[in-house]
Amino acid sequence: MGTMQLKIQKLLFLLTFTGVCAAQNDITLSVFTATSKSITLQWSGHTGASSYKITATPENPSERQVFAQFSGNTVMASVISLSPNTEYTMKLEARDNADNILSSAVIEAKTAPEIPRIEQAYSKNSDSITVEFTEVSEADSYILRAESKTGDFFYETNVTSSPGTMVHLQPYTDYVMSVLSLNSSLPGRSQPSYPVEARTVVVAPKLNMSAPTNDTIFVSWTPVEHAKFYTLCIIREGSSTRLKMNTTDTMVTYDNLEAGTTYCIKGMAWDSEGRTGDTLTACQITRPPSPDVTHVQVTQGRSLGIAIYWLQVQGATTYMAWTTTGQNCSTANIYCFITPAECGQNHTVSVIAYNDAGPSSPSESIDYITYPCPPENIWVEEPTAGNCSVMWDAVPLVEHYMAFIKRDDGTEKSCNTTETTCPFFCMCGYTYLTSVLPYNQAGSSLYAHVRNYTTIPCCPQDVSINLVSTETLEIMWSPVKGAELYETTAAQTNDVIHCNDTSPMCALSDLTCNTPYSVTVTPCSELRGCNRTCTPHTHETAPCAPEILNLTQTNSSTYRVLITTPNSPETDYTVTATGRYDRHMCHSRNNSCVLTLLPCGSIYEVTAVATTSAGKSLPGFSKPLETGPCCPSYVNVTQVTQAMTNVTWSPGTGARSYISSLTSPRGHAKCHTLDTHCLMGCITCGTNYSVHLEAISSTGHKSECKYHGFSSSACCPTGVKLYRRTNNSLRVYWRSLGPHIYNHIVELYGTGANYTCTAAPGSMYCDIQEETCGDVYTVVAAPVGQYGVKVNFCQPRTYSVPCPGSNAGMVISRGRRSVN
């Protein structure tokens, strides 16, 4: 440690123990530090002071006072020649040039303990010196100080009592040692003791040891500086026997030692003064003895291995076993496994023991043989279906073989043979796992190569074919063993594959109608391909759809349907007329069919379907069928006038317009109307008419309707005249246009009286006895038709018949006047 570092350490220590006393007369006084013979004070300067005087008065009156004088520029000073470990009253006075006291201050202070005395200093270790000194009263601790004689090293350390040791020194080096006393309550330390010189001892030799054999230990070291000779002491672990030797060499060999045993060697160096230096102990174990191999076994497991067992040897920490194949294993146990080992080999194994010293000599070699290798090439031959043989190549070092055949459903078979083949029965659709294990005196091979052999997939036996639409066949079957894929073909489509799928179903679509198809389901596997020996299954598609060629009405409710016949002769055809509320059908095996009892005024959709044992065809294209409109349920003919009738009828279902006709040999009348009534003229009286009605639909379909005949009423008489007779009676005269089979009724309506008379058939006049004369009469002459009904539409005439002597025969008609 340097001088500057020491000064800094002293300053810090003194500052730690500095006390401040109360000032008198404006001077502040404090103790800076103290030693066993001095006290250092510091103060604040006083203006005008030319000098300062310090008086140290001891507490013990027997001690002498000590005075010190300092200049006026001084603010810190030491008072010396004091007694150790003594309490003093320190007084400071500021004086002017006339030696007058300007100000003063007083403080209590104590000197440090007495100076210790070193009794002796010596070195036991190369890096330390121990100092024995006298302890002093009032000292709490001590400072050991070491300084080099050259002045380049300075170091202090605290100790509590004697002796104290200074460490971190250099070996075989001279140091000046001193001791200082400390009191923790005082701000300082004592002066150093009288110095004593001491030298550290030499270092111990650093021993390098090895065991070249299992009974020798070789020791070497680097020469130690300032060493004259060396002392080595060897002792065996667990023993109290020591062997000591001195030497000036730097190497020693110990022989005839016990193998695998630890020996500890202590070494020290001596300097020229006959002092021993540091002591260093190092231990070394001898190499272990050679182990004895007791057993070698081929192990079982996932891979082939060799298990080696040996006897434990003294001092061995690990062992290594190795074979002539170059493989090895290391362990701390007395057994070891070497994996993997090659199959079918015959080699030797040796073991070496290890410890920190090195390896032992190898053990004696032991022979061993491994399991035989499994055959690499295994295959299955199937000369005929169901007769298989597993075969393999021969391998060396084999006494016999075990062949195992396992079917994928769990069934197993094995055979023991010295040959290289094993026959077995193999079924279609199965995968066989074949393996072969060879055996020799070491046992069987731990593993075997497995070869798969898959037989050709079986043909499905429960193939069902269903017609799901007219031209689509759905084929379904149960999955079969060994099939990974199914091909479905039809011979009629040039064996084109319609389905190539893993599912056990297929749909053959877009086929030809009314055609038998030969369908084959072929199972396939990736390994064996497809089984082309499966039996085909035949199924016919639905018949072809017939087409309607023509619809012909044979009567009012019967229609003949003409259709095509595109199928085989045994095909049944059904024609269906579907209306809104009803349906009509007819059946046939030829090209025509008759629909009967079709109601009038209906619209039907007519379709044709063919049926065979395979199923039904699609309906052919439909054609509409409209039956004629229904005839009205009744027709009424009412005569309005002699030449005009009113025809009414009930509505006919499906009819939009009507044509009514009245026909007779003497002429006919016709009316075309949208209504259900018609007013018809051109009627001849007294004539029988036939009544006809045509109902016409909106599309032009007509229905001829006939009803009971109609007879027009008898003809009204013409030329009706009224005149007076001589006997004062009135006679009405007329001319009859119809047959003279009808009675006539004559009615006269006058202002004074009304008259009626009836004329017999064939008569053309009727006489009426007048009660008064000269009246004006309205005359109606009408025939009486069938059932006594009078024709009531004959027109009346008005006559004025004067009394006798007047003009007779005057006729007054409505709107005109005429004289007959």
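How far is the sulfur of Cys233 from the closest cysteine sulfur? The gap is 10 Å, to the sulfur of Cys264, which is too far for a bond. A disulfide here is a pair of cysteine sulfur atoms within 2.5 Å. Cys233 is buried, at 11% relative accessible area. Buried means under 20% relative accessible area, exposed means over 50%, and partly exposed lies in between (1.4 Å probe, protein chains only). Cys682 is also in no disulfide. The nearest cysteine sulfur, in Cys678, is 12 Å away. Cys682 counts as exposed, at 67% relative accessibility.

The model is predicted: local features need pLDDT of at least 70, side-chain atom pairs count only at pLDDT 80 or more, and totals for chains, interfaces and linings use all residues. Residues are numbered from 1 along each chain as its sequence is written, and side-chain values use heavy atoms, with hydrogens and water left out.

Now the bonded cysteines. The count of disulfides is 18. One of them joins Cys343 and Cys373, with sulfur atoms 1.8 Å apart. Cys343 sits in the loop between β27 (335–338) and β28 (346–355), and Cys373 in the loop between β30 (366–369) and β31 (378–384), so the link ties together parts 30 residues apart in sequence. Strands (E, at least two residues) and helices (H or I, at least four) are DSSP runs, numbered from the N terminus. The Cys343 and Cys373 link is right-handed, with 105 degrees about the S-S bond. Cys343 is buried at 17%, whereas Cys373 is partly exposed at 25%.

Cys499 and Cys506 form another disulfide, S to S 1.9 Å. The torsion about their S-S bond is about 85 degrees, so this disulfide is right-handed. Both Cys499 and Cys506 are buried.

The disulfide of Cys631 and Cys705 has an S to S distance of 1.8 Å. Its link is left-handed, at -90 degrees about the S-S bond. Cys631 lies in the loop between β54 (623–626) and β55 (635–641), Cys705 in strand β61 (residues 702–711), and 74 residues separate them. Cys631 is partly exposed at 33%. Cys705 is buried at 2%.

Next, charge pairs. Side chains of opposite charge can pair when their charged atoms come close. A salt bridge is a side-chain nitrogen of Lys or Arg within 4 Å of a carboxyl oxygen of Asp or Glu. The count is 22 salt bridges. In one of them, Glu258 meets Arg236, with the closest N and O atoms 2.9 Å apart. Glu258 is in the loop between β20 (251–254) and β21 (262–270), and Arg236 is in strand β18 (residues 229–236), 22 residues apart. Glu258 is partly exposed at 32%, and Arg236 is partly exposed at 34%.

Asp408 and Lys481 form a salt bridge too, at 3.2 Å, N to O. Asp408 is in the loop between β33 (400–407) and β34 (412–417), and Lys481 in the loop between β40 (472–476) and β41 (485–490), so this pair ties together parts 73 residues apart in sequence.

Last, strand β17 (residues 217–221). Four of its five residues are buried, so β17 is largely enclosed by the rest of the structure. Two strands pair if DSSP finds at least two bridges between them. Strand β16 (residues 207–210) pairs with β17 in the antiparallel sense, over four bridges. A hairpin of six residues joins β16 to β17. Ser210 stands opposite Phe218 in β17. β17 also pairs with β20, antiparallel over four bridges. There, the bridge partner of Ile217 is Tyr254 in β20.
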